[in-house]
Amino acid sequence: MHTLESLLGALINISVPIFAIASMLSMGLRTPLRAFRKQLRDRRTVFSVLGANFVVVPAVGTLLVWLLSDLLPQQTGEGFVIALCAAGAPFVLQLGAMARIPYGETAGPMAVLLLGSILFMPLVVPFLLRDVSVHGWSVAQLLLGTMLSPMIAGIVIAAVWPGWSDRFARIAGSVAAVSAVLMFLSGFGANSSLVLSLILSPVLLVAVGLVALAFVAGRLSGDLAGDTLTVVDGPAILTSQRNIAAALLVARTGAENGDGSIVVAILLLSAVGFVMLVPYALVSGLLRRRRAREKISLGVLLGVVGPKSD
């Protein structure tokens, strides 16, 4: 049993960086530069989304974690705080496709949030978690190397070889999907007893509350956004799905304190967000497609069929 847990622990050390690199490469390959330019011109939308993701969610969420610390055992609260500070999840692109949100309204803000996370997390996470060994410069180097660099590489490849970008993106996306499955299986499998105890405790309700908080904050930012935003619940989805890759990379930098409980907490919060957001995206996408009198199929509902942009 100990050998199996050691193997699973080694597997998550491999799957996390692979997931981060592959998902960001796929995102860069699918996101043209015009998506960045158009979004950055709308300063009202940029500031509203940044405020929700880097002010409201980390501040209010961390305060709730501190207030409920008696309900969060074994450094689970620290894992939640790290996840709350990580924004710009690549999976938002798929959720946006399910919800029938124009591609640019998820890709542009998501890329801005990723850049924000690279600047925000090295400064804020060590400050909030002083009892956990997280070094700001190590965090910055890790995020630059495994998230920003692949995204830039994807954008360059798409610009130089546009005919091959979609094929490369599909390959990178498949690698990211497989590594994500391995990441969850290894993370939960290596800490199965801890996972079971957390699921049967109030920790699960705290995770649901944190995802709901992020959704409300994002929805309010959508109301405050500028004219480039046509679907007001897009920022709600964008804010609710935290960047699990960035959070896990940061958690792994605290080697001596980054035990299984922190990793499990991040995976648990991400899984709860996935379970809550996928049905919402499917239902809202179905309603929008029916109002637009579009032909609906399973592939269309899942966001795997149809154009990336309107």
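Here are a few exercises, with worked solutions, on the predicted model shown above.

**Exercise 1. Explore helix α10: what is its span, and which helices do its buried residues pack against?**

First, find the helix: α10 covers residues 203–224, which is 22 residues. From first C-alpha to last, α10 reaches 32 Å, close to the 32 Å expected at 1.5 Å a residue.

Now pick out the buried residues. Among them are Val203, Val206, Ala207, Leu210, Val211, Leu213 and Ala214. Further along α10, the buried ones include Ala217, Gly218, Ser221 and Gly222.

Last, see what they touch. The buried residues of α10 pack against α3 (43–67), α4 (76–84), α9 (192–199), α11 (234–240) and α13 (260–291).

**Exercise 2. Work out how α3 and α4 are arranged: are they roughly parallel or antiparallel?**

Begin with the geometry. The two helices pack at an angle of about 170°, and their axes lie 9 Å apart.

Then apply the cut-off: an angle over 145 degrees counts as roughly antiparallel. So α3 and α4 are roughly antiparallel to each other.

Now look at who meets whom. On the α3 side you'll find Asn53, Val57, Pro58, Gly61, Thr62 and Val65, and on the α4 side Gly77, Phe80, Val81 and Leu84. These contact residues divide into 6 nonpolar, 4 polar and no charged.

**Exercise 3. Compare two arginines: where do Arg100 and Arg293 sit, and is each buried, partly exposed or exposed?**

Recall the background first: most residues other than glycine have a negative phi.

Arg100 has a positive phi of about 55°. You'll find Arg100 in the loop between α5 (92–98) and α6 (103–128). Its relative accessibility is 26%, so Arg100 counts as partly exposed.

Arg293 also has a positive phi, near 60°. Arg293 is in the loop between α13 and α14 (298–301). With a relative accessible area of 78%, Arg293 is exposed.

Methods:
Residues are numbered from 1 along each chain as its sequence is written. This is a predicted model: local features need pLDDT of at least 70, side-chain atom pairs count only at pLDDT 80 or more; totals for chains, interfaces and linings use all residues. Side-chain values use heavy atoms; hydrogens and water are left out. Helices (H or I, at least four residues) and strands (E, at least two) are DSSP runs, numbered from the N terminus. The expected span of a helix is 1.5 Å times one less than its number of residues. Buried means under 20% relative accessible area, exposed over 50%, partly exposed in between (1.4 Å probe, protein chains only). Contact means heavy atoms within 4.5 Å. Axes are lines fitted to C-alpha atoms, for helices over the stretch in contact, and angles run from 0 to 180 degrees between N-to-C directions. Angles under 35 degrees count as roughly parallel, over 145 as roughly antiparallel, 65 to 115 as roughly perpendicular and the rest as oblique. Ala, Val, Leu, Ile, Met, Phe, Trp, Tyr, Cys and Pro count as nonpolar, Asp, Glu, Lys and Arg as charged, and the others, Gly among them, as polar.
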